Every structure is written in C-alpha cells, then in structure tokens.
Amino acid sequence: RLRYDAAASPDAPPPCDATSKWLSPEEAVCAAVRWPSVAFRAGLLLYCMGACTADPYPQNRGNLVLLDLQREVSGASAPVRPDMAQYSGPQELRELVQSCLAPRAEERPGPEA
C-alpha cells in the first residue's frame, strides 16, 4: 500500500515513510496512478541500479521527498530528482532514466516505447 488511509487502518504508518521516495510527483498529491507514474517509478529503479544505491534520495528522508514532490506539483519549487552525477550505467539507460523522470507526466515514455 502506498497511500495512507486512516479509516481503513488506524494503525497504519503515516504517509511520510520510506515509500514516499518511490512516488511520482502526481502520486504525491493523490492523483490516480496511470502509466506515467509507473514510468517514473521505473526510472527511479533504473537510477538506483545504475548508481549502485538502494535509495534514490539518500540525502532526504521520505517525508521531505514527499513535501518536495508536492511543492513541485504546485509550482512552488523546481523538480526534485536523484543526482544523475552518481549514475554510472550505460548512456542509453541514462537517457531512458532521464526521460522516465521527466517533470511532466506527458513527457515520460509510454507503454509502447
């Protein structure tokens, strides 16, 4: 489960945990999960593999990443993305990671790509 639902489970952890780091910007504001959100998560996973890290945002806790993503969607801050300087994978995958992490959902690759 990625979203917090107090009515369904009062003992569930708050929304600001480690899973917040794996949300797309649109999911951070509770938009429906669609293909662009899946592409964003795939980009985060590919980034972690190429950067040899288990955490796409090691410098921030999950709740701070969530807040940054919400600010991004509202236009109050610049896009928050992993540090591509840490990525050492092949150039072709670098380009795929960057397109998957595009700020605008419609700019991310679709299932036909």
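How many aromatic pairs does a search of the whole structure find? It finds 1. Rings of Phe, Tyr and Trp (its six-membered ring) pair if their centres lie within 6.5 Å; planes under 30 degrees apart count as stacked, over 60 as edge-to-face and the rest as tilted. Here the partners are Tyr47 and Tyr87, with centres 6.4 Å apart and planes at 25 degrees, so the pair is stacked. The pair links distant parts of the chain, 40 residues apart. Tyr47 sits in helix H2, and Tyr87 in the loop between H3 and H4.

Some ground rules. This is a predicted model: local features need pLDDT of at least 70, side-chain atom pairs count only at pLDDT 80 or more, and totals for chains, interfaces and linings use all residues. Residues are numbered from 1 along each chain as its sequence is written, and side-chain values use heavy atoms, leaving out hydrogens and water. Helices (H or I, at least four residues) and strands (E, at least two) are DSSP runs, numbered from the N terminus.

Back to the pair. Are these tyrosines buried or exposed? Buried means under 20% relative accessible area, exposed over 50%, partly exposed in between (1.4 Å probe, protein chains only). Tyr47 is at 3% relative accessibility, so it counts as buried. Tyr87 has a relative accessible area of 5% and is buried.

Now contacts, meaning heavy atoms within 4.5 Å. Not counting residues up to four places away in sequence, Tyr47 touches Thr53, Pro56, Pro82, Asp83, Met84, Gln86, Tyr87 and Val97.

Next, the core. A nonpolar core is a set of buried Ala, Val, Leu, Ile, Met, Phe, Trp, Tyr and Cys residues joined through side-chain atoms within 4.5 Å. The largest one has 16 residues. Tyr47, Tyr57 and Val97 have the most contacts inside it. Which elements give two or more residues to this core? They are H2 and H3. H2 gives the most, with 5 residues.

Stay in H2 for Leu44. Its relative accessibility is 0%, so Leu44 counts as buried. Leaving aside neighbours within four places in sequence, Leu44 is in contact with Lys21, Trp22, Pro56, Tyr57, Pro82 and Leu101. Leu44 and Tyr57 are 13 residues apart in sequence, and 9.6 Å apart C-alpha to C-alpha.

On to H3, residues 62-74. This helix has 13 residues and reaches 19 Å from its first C-alpha to its last. That is close to the 18 Å expected at 1.5 Å a residue, where the expected span is 1.5 Å times one less than the number of residues. The buried residues of H3 are Gly62, Val65, Leu66, Asp68, Leu69 and Glu72. Down the axis they fall within an arc of 165 degrees, so they line one face of the helix. The arc is that of the directions from the helix axis to the C-beta atoms. Helix H1 (25-28) is included in what covers them. Just after H3, Gly75 takes a positive phi of about 85 degrees.

Ser24 lies in the segment before H1. At 0% relative accessibility, Ser24 counts as buried. Beyond its neighbours within four places in sequence, Ser24 is in contact with Ser37, Phe40, Leu69 and Arg108.

Last, H4, residues 91-100. Which residues of H4 are buried? Arg94, Val97 and Cys100. What covers them includes helix H2 (35-51).
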